[in-house]
Amino acid sequence: MNIALVSSQAIEVPPLRYGGLERVVYDLGIALSRMGHEVTIFAPDGSHADGCKMFWTGHLDENQAYGVYANELKKFDIVHSHTWQGLPNILRQEGFKVINTYHGVWLNYRYTAPMNVVGIS
């Protein structure tokens with residue numbers, strides 16, 4: 001399966017110090033790659049993960065970064081978002097197969113389309 005993992009745009013993958021979300025993206029990417037999946041991680045410049053392709057997004061906020069990589073996401077079987085903002089809803093409305101993992105506090109997001117959600121803290 002060709003999988004896109006979209007990280008937050010705040011911290012590189014893996015994080016040098018703080019960054020639980022980014023650590024999850026890193027570990028998940030490596031594990032999925034070892035299972036034989038093609039994995040591309042969308043993350044800030046300088047990010048890396050063994051066995052994964054990287055799409056560096058600069059150091060933009062999430063909305064700006066989406067404008068940079070939106071067309072690239074069409075190449076994937078599924079998009080697994082780990083973002084903080086409304087990206088999963090946008091992707092779902094545009095017809096992408098998407099799952100979103102919320103890290104930490106549920107921020108009372110309101111979605112207009114049914115979502116596949118994983119919640120962890």
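A polar contact here is a pair of N or O atoms within 3.5 Å; within protein, one must be able to donate a hydrogen and the other to accept it, and residues adjacent in sequence count only if both atoms are side-chain atoms. This is a predicted model, where local features need pLDDT of at least 70, side-chain atom pairs count only at pLDDT 80 or more, and totals for chains, interfaces and linings use all residues. Residues are numbered from 1 along each chain as its sequence is written, and side-chain values use heavy atoms, with hydrogens and water left out.

**View 1. Ser81 and its polar partners.** The side chain of Ser81 makes a polar contact with that of Thr83 at 2.8 Å, and another with the side chain of Asn100 at 3.0 Å. Ser81 sits in strand S4, residues 78–81 (helices are DSSP runs of H or I, at least four residues, and strands are runs of E, at least two, numbered from the N terminus). Its relative accessible area is 0%, so Ser81 is buried (under 20% is buried, over 50% exposed, in between partly exposed; 1.4 Å probe, protein chains only).

**View 2. Helix H1 and its buried face.** H1 covers residues 20–34, and its end C-alpha atoms are 21 Å apart, in agreement with the 21 Å that its 15 residues should span at 1.5 Å a residue (the expected span is 1.5 Å times one less than the number of residues). Buried residues of H1 include Leu21, Val25, Ile30 and Leu32. Seen down the axis, the buried residues of H1 fall within an arc of 165 degrees, so they line one face (the arc uses directions from the helix axis to the C-beta atoms). They pack against strands S1, S2 and S5, with contact meaning heavy atoms within 4.5 Å. After H1 comes Gly36, with a positive phi near 105 degrees.

**View 3. Phe42 and Tyr69, a tilted pair.** The structure holds four aromatic pairs (rings of Phe, Tyr and Trp, taking its six-membered ring, pair if their centres lie within 6.5 Å; planes under 30 degrees apart are stacked, over 60 edge-to-face, the rest tilted). In this one, the ring centres of Phe42 and Tyr69 are 5.1 Å apart with planes at 55 degrees, so the pair counts as tilted. Phe42 is in strand S2 and Tyr69 in helix H2, so the pair ties together parts 27 residues apart in sequence.
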